[in-house]
Amino acid sequence: MALTAQSPRDFHWLVDMLESVDIGLVVLDCEYRIELWNGFMENHSGLSSTHVRDQNLFSLFPELPEQWLRRKVDTVVTLNTRTFTSWEQRPWLFRFRSTRPITGTHDYMFQNLTIHPLADPDGHIRRVCLMVYDVTDVATSKLALEQANKQLSRLSRTDRLTGLLNRGSWESLLHTEFARYRRYRQPCTLVMLDIDHFKRINDSHGHPAGDDVIRHAAALIQGCLRDADVAGRYGGEEFGLILPQTDLEGAGVISERLRRAIADARVDTHGQLLRYTISMGMASLTPATATAQEWLERADRALYQAKREGRNRVCALDD
Ligand SMILES: Nc1nc2c(ncn2[C@@H]2O[C@H](COP(=O)(O)OP(=O)(O)OP(=O)(O)O)[C@@H](O)[C@H]2O)c(=O)[nH]1
């Protein structure tokens with residue numbers, strides 16, 4: 001549809017529409033002086049059009065990304081073509097307060113921006129129009145959805161009782177570490193860990209106390225590990241620790257520190273102070289380890305050796 005204002009009256013209502021349309025309209029000359037500032041811009045900036053008229057945009061809004069906007073506008077003028085920037089590339093150009101402060105979770109208005117070349121009657125582009133769209137509703141619901149999906153994916157990877165990785169996601173990282181070793185041959189040690197006589201804890205103090213003990217062990221495990229280490233809850237009271245860049249000797253030091261920390265601790269469960277111990281089995285990757293499953297079985301055999309030898313200890317199988 002092409003609009004043509006044929007009389008001053010037509011022109012009057014066209015201006016009236018531009019004034020009240022729910023999009024920000026700003027016309028700038030080549031020196032970035034403001035020639036038009038519609039009602040949307042007045043309402044959201046708090047600055048009247050008479051105040052901003054002929055003022056330099058960047059002097060008025062020093063926080064604007066000047067270099068970025070100049071580059072965009074130069075392209076629009078040179079190529080005589082409009083350009084579009086979505087809120088996902090740049091959340092806003094003008095830092096306007098969100099108009100949904102009560103229901104919204106974001107303080108500022110998300111904006112899409114179109115920059116449109118304006119030709120003079122001689123065909124020269126001497127002005128551009130910035131069109132600012134308020135897309136706060138779309139943006140906030142998309143961000144909320146992304147947040148919910150992240151949360152869901154985190155929940156599907158973690159164990160509810162301890163917050164550690166669950167068995168499935170931990171095992172997939174075990175396979176990743178195994179593949180990495182095959183490629184780079186950097187040391188990596190697996191530690192399997194099991195709470196001793198856990199059935200007795202459950203039987204004597206009840207299942208909720210058993211849960212407290214499991215949670216306590218998980219928290220101490222997390223506290224003992226470095227960022228690159230990966231702890232997971234493998235089964236009921238069994239945990240697996242993958243220690244990248246760690247040989248058997250280093251893993252022995254970490255495991256012994258954890259074993260002692262647990263043996264020295266008291267778990268406060270419903271007013272009772274419980275003590276417990278853990279047994280640990282370690283297996284480092286070697287060129288002879290054929291599969292991740294075999295690696296796991298070696299660590300498991302070391303763990304059962306620790307149980308057989310009297311529990312509350314760390315064992316490694318001879319390679
Ligand atoms: N409270 C609680 N108990 C659990 C959970 N998962 C498994 N269990 C219990 O953990 C106990 C494991 O017992 P066993 O496998 O016999 O091992 P254990 O008593 O620790 O003996 P050792 O490993 O030989 O020292 C069982 O009684 C399970 O019911 C859980 O999430 N919470």
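Predicted model: local features only at pLDDT ≥ 70, side-chain atom pairs only at ≥ 80, totals over all residues.
Colleague: What secondary structure does the protein have?

Modeller: It comes to 11 helices and 12 strands. Of the 319 residues, 28% count as buried.

Colleague: Why is Leu64 called partly exposed?

Modeller: Count its neighbours. Leu64 has 15 other C-beta atoms within 10 Å. Buried needs 20 or more, and exposed means 12 or fewer. The count of 15 falls in between, so Leu64 is partly exposed.

Colleague: Where is Leu64 found?

Modeller: Leu64 sits in the loop between helix H4 (57–60) and helix H5 (66–79).

Colleague: Which residues does Leu64 touch, leaving aside its neighbours within four places in sequence?

Modeller: Its contacts are Leu57, Phe58, Leu69 and Leu93. Look at Leu93. Leu64 and Leu93 are 29 residues apart in sequence, yet their C-alpha atoms are 6.6 Å apart in space.

Colleague: How do you know that the length of helix H1 agrees with its number of residues?

Modeller: H1 covers residues 8–20, which makes 13 residues.

Colleague: Now the sheets. What is the strand order of the open sheet with antiparallel pairing?

Modeller: The order is S2-S1-S5-S4-S3, with 5 strands.

Colleague: Why are strand S2 (34–37) and strand S3 (83–85) called edge strands?

Modeller: Each of them pairs on one side only. The twist in this sheet averages 15° from one strand to the next.

Colleague: How do you know that strand S1 (residues 24–29) pairs with S2?

Modeller: Pairing takes at least two bridges. S1 and S2 are joined by 3 bridges, so they pair, and they run antiparallel. Across this pair, Leu28 stands opposite Ile34 in S2.

Colleague: Which strands does H5 lie across?

Modeller: H5 lies across S3, strand S4 (111–119) and strand S5 (125–134). Its angle to S4 is about 40°.

Colleague: What is the order of the open sheet with mixed pairing?

Modeller: Its 5 strands run S7-S8-S6-S11-S12. Strand S7 (230–233) and strand S12 (314–316) stand at the edges. Each has a single partner strand, so one side of each has no neighbour in the sheet. Here the twist averages 20° from one strand to the next.

Colleague: How do you know that strand S11 (residues 278–284) and S12 pair?

Modeller: At least two bridges are needed. S11 and S12 have 3 bridges, so they pair, in the parallel sense.

Colleague: Last, the ligand. Which of the 16 residues around it come nearest?

Modeller: They are Asp196, Phe198, Lys199, Gly210 and Gly236.

Colleague: Which helix supplies the largest share of the shell around the ligand?

Modeller: H9 does, with 4 residues. Strand S6 (188–195), helix H8 (198–205) and helix H9 (207–224) each supply at least two. The shell divides into 4 nonpolar, 5 polar and 7 charged residues.

Key. Residues numbered from 1 in each chain as written. Near = placed C-beta within 6 Å. Nonpolar A, V, L, I, M, F, W, Y, C, P; charged D, E, K, R; others polar. Contact = placed C-beta atoms within 7 Å. Expected span 1.5 Å × (residues − 1). Axes fitted to C-alpha atoms, helices over the stretch in contact; angles between N-to-C directions.
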